[in-house]
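The following exercises are to be worked through with the sequence and the coordinates at hand. Each task is followed by a stepwise solution.

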Amino acid sequence: MIKFNPRPIAPTSLSAEKVENTKNLIAQKVKSGQKPSTSNPNDFPSHWIPDARRELWKHQNYRCCYCERSRGLKRESDLEHFRPKAKVEEEPDHYGYWWLAYVWENYLYSCKPCNEDYKKNKFPLLPSSQRAFEEKDSLDKEKPILINPFDEDPEVFIRFDWQDSNNLFVKAVQTEKDVEDRGKKTIEITGINEDRLPEERAGDLLTLEGIAKTMHAAVYMKDLGMDSSGLLEKTEKEIKLQTSSKSEKSFIGFRRAYFRKVGLGPYIAND
Ligand SMILES: [Zn+2]
């Protein structure tokens, strides 16, 4: 996971009358004591599709907010509600954050496996915080455990463990700064060490190793007083390309972590 640039403005379709009407219908239902449900197609019609999903997909440079796999808009593609709209796994009596179902700031673009197989309706809070159950309750009193890449830098909490390697199963682990275990729990909630993800992340390692070797050679030549400026410039550009949030590649956080590990941290893109 990597930090995202500030959210673009909300698509106008989210303020359309039909969205407002839907919000009112859900509010009425809740007021009468009924729990809205995602299995009832009338409760949460997908007004967010396609505009909101497409906007975030582009903004996130086609990568899932959690696992950072690059995805086409129609392949394994979801609109993730950071605060789940119809259920909260940790609170069986909670109706879900239904009032945020059509709120732009509650959305992220994710892949289907991260959203539907792992994160689902999980939304744990730190014990010191107070959960919002109704629209009038303050969200500021909640301290979510799950890291939202629009609000915080996930790289502060999550790093990669290169110990156990032929480098083929590099797992995400918590950093030393993760004193409240939010990184550790975010890894569990989002499943970013599950399935084939560690292997997929390692898929480009040969390429990254080649770039790192070239860079080290160029720096070594420079230290010996040889002119390696052309090679340095070209390779630095390549490292930026591999690690830029604007790149369309998968696993930017992983690529950055690799270059940091091999002492090339100063060359990675800072965007
Ligand atoms: Zn994902």
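A salt bridge is a side-chain nitrogen of Lys or Arg within 4 Å of a carboxyl oxygen of Asp or Glu. The model is predicted, so that local features need pLDDT of at least 70 and side-chain atom pairs count only at pLDDT 80 or more, while totals for chains, interfaces and linings use all residues. Residues are numbered from 1 along each chain as its sequence is written, and side-chain values use heavy atoms, with hydrogens and water left out.

**Exercise 1.** Characterise the interface of domain 1 and domain 2.

Solution. 
1. The bounds, which come from an automatic or database domain assignment, are 12–141 for domain 1 and 201–267 for domain 2.
2. Seven residues from domain 1 and eleven residues from domain 2 take part in the contact (heavy atoms within 4.5 Å).
3. About 620 Å² is buried between the two domains, with 40% of it on carbon and sulfur atoms. Buried area is the accessible area (1.4 Å probe) that two parts lose on being put together, summed over both.
4. On the side of domain 1, Asn-61, Arg-63 and Glu-68 supply 62% of the area buried against domain 2, more than any other three residues.

**Exercise 2.** Determine how helix α9 is placed in the structure.

Solution. 
1. Helices (H or I, at least four residues) and strands (E, at least two) are DSSP runs, numbered from the N terminus. The protein chain has nine helices and four strands.
2. Helix α9 covers residues 252–261. Buried means under 20% relative accessible area, exposed over 50%, and partly exposed in between (1.4 Å probe, protein chains only).
3. Eight of the ten residues of α9 are buried, so the helix is largely enclosed by the rest of the structure. Among them are Phe-254, Arg-255, Arg-256 and Tyr-258.
4. The cover of these buried residues includes α4 (154–157), β3 (158–161), α6 (197–201), α7 and α8.
5. After α9 comes Gly-263, with a positive phi near 80°.
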